Amino acid sequence: MKKFFISVILSVLMLSVLSAYNPPAEGENFLELSSPRLLSNASSSCGGPIFYSSADSINVNAALPTSEQLIKINLAYTALVSFNPSESHHFGSAMQTGIIVPTKYCVFTGFLNGVLSNFDTMNLGNSINGKLGLSKEITNNINFGITLNSGVCWGNQTDWALSTNLGLLCHFDTLGFIKDFRYGLAVNNIGKNYTATDLDFPINSNPSAEKSMFPTILTVRTGIAGLLLSTDSVKLGFSLDISTPLMQNIIIDGGIQLGIKDLFSITIADRFNLAEYSNGHIDIIPSLGISFKFSFRLDDNQLLRERGWEEINAEGSVAYKMLYEDVNALSAGVDVSLGKRDVTPPVIQIFIDEGDDE
């Protein structure tokens, strides 16, 4: 596995000299626009400052859903709004749904989203995108995942995408003073992605600049995350990711998250995209996210009782992020887990016959 990832990275280095880099603004992360979690959790390849996984997690690291024990259903919607009077479009949308299905052999994940964004400063066109993922625990500390990605876009130009993502997640109980330390590595968008031929506002709007596909092929993403403070009442975590799309740009995602009683959390995160910043697409205002957990029972539903799903655990999330001064993202979503997570380890007893010596 290590040799494979090294060979992929070397291939990226060789290919980087063959391709111009000029995707549309936010083109590297446009699949994350529909998710309040990814908007506010720094798009972490390690599951955020305080670990959490959902169906949309496979957008950043295919290995993240591996630890899920229950079927988890996701729904989310983001309103994209511009208040700039000179903007030709003032409203866009991004929506998603997904599911995680754990089995005794591996964890399956499905994800579907749509993005409608035709703003002057963030022209991503219209697209429907889907992913199918498979993840599995390799050792007690290492998880591996792979996804198959597909999609179709229209409006500015009809196009299609077909690619794959690979991901690793390494987790440790402690590393120095950091608890629940995690290291993530992903190689995303291996294959054909969307071209930007007819999109009017790429990062570099110079007419002589060649436009490139988005998201960028062979994007290497690596990151760390962990807990700086962990008690029964309070958790304080951090995450830091670095992405290098085809080794022609550097994107840094960082965030902190405060959790209270494992019921409520607030997250502040920000992103620095070197290429976008250099071309005037400046996004320096941090995103804000709030999550809260709640549960209820449906004992009267026989179908759910037969499957052990009568206890419903849910987590709602809301987020706000300003994009390039002109576009505001307001997002809300919910994850619903069916059943009760098993947190009690098995008890092993050794029986000794009465006549045996102890």
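Reader: Before anything else, what does buried mean here?
Author: Buried means under 20% relative accessible area. Keep in mind that this is a predicted model.

Reader: OK. Are Arg-221 and Asp-241 buried or exposed?
Author: Both Arg-221 and Asp-241 are buried. They also form a salt bridge, with the closest N and O atoms 3.1 Å apart. The pair links distant parts of the chain: Arg-221 sits in strand β8 and Asp-241 in strand β9, 20 residues apart.

Reader: How many salt bridges in total?
Author: The count comes to ten.

Reader: Which residue pairs with Asp-253?
Author: Arg-271, with the closest N and O atoms 2.7 Å apart. Asp-253 belongs to strand β10 and Arg-271 to strand β11, 18 residues apart.

Reader: Why does Arg-271 count as buried?
Author: Because its relative accessibility is 11%, and the cut-off for buried is under 20%. Asp-253 is buried too, at 2%.

Reader: Which residues are joined into one network by shared partners?
Author: Glu-26, Glu-32, Arg-221, Asp-241, Asp-253 and Arg-271.

Reader: And Asp-180, what does it pair with?
Author: Asp-180 forms a salt bridge with Arg-182, with the closest N and O atoms 3.3 Å apart. Asp-180 is partly exposed, at 28% relative accessible area. Arg-182 is buried, at 2%.

Reader: What lines the largest cavity?
Author: There are 14 lining residues, and Glu-28, Glu-32, Asn-59, Asn-189 and Arg-221 lie nearest the centre. Strands β7 and β8 are the elements that give two or more residues to this lining. By class, the lining has four nonpolar, six polar and four charged residues. Two names return from the salt-bridge network, Glu-32 and Arg-221.

Reader: What about the second largest cavity, what volume?
Author: About 130 Å³. It is lined by 16 residues, with Leu-31, Asn-129, Asn-149, Ser-150 and Ala-161 nearest its centre. Here β4, β5 and β6 are the elements that give two or more residues. The lining has seven nonpolar, eight polar and one charged residues.

Reader: Last topic, confidence. What is the average pLDDT?
Author: The chain averages 87, and 85% of the residues score at least 70.

Reader: Where is it lowest and where highest?
Author: Helix α1, residues 2–15, is lowest at a mean of 52, while strand β2, residues 91–102, is highest at 97. Over residues 13–18 the pLDDT is below 50. That stretch has six contacts in the model beyond near neighbours in sequence.

Conventions
Residues are numbered from 1 along each chain as its sequence is written. This is a predicted model: local features need pLDDT of at least 70, side-chain atom pairs count only at pLDDT 80 or more; totals for chains, interfaces and linings use all residues. Side-chain values use heavy atoms; hydrogens and water are left out. On a 1 Å grid over the protein atoms alone, a cavity is a set of points where a 1.4 Å probe fits but cannot get out, and a pocket is an open set with protein on both sides within 12 Å along at least five of seven lines; lining residues have an atom within 4 Å of a point. Helices (H or I, at least four residues) and strands (E, at least two) are DSSP runs, numbered from the N terminus. Ala, Val, Leu, Ile, Met, Phe, Trp, Tyr, Cys and Pro count as nonpolar, Asp, Glu, Lys and Arg as charged, and the others, Gly among them, as polar. Grid points are joined across faces, edges and corners, and a volume is the space filled by probe spheres set on the points. pLDDT is the predictor's confidence in each residue, from 0 to 100. Contact means heavy atoms within 4.5 Å. A salt bridge is a side-chain nitrogen of Lys or Arg within 4 Å of a carboxyl oxygen of Asp or Glu. Buried means under 20% relative accessible area, exposed over 50%, partly exposed in between (1.4 Å probe, protein chains only).
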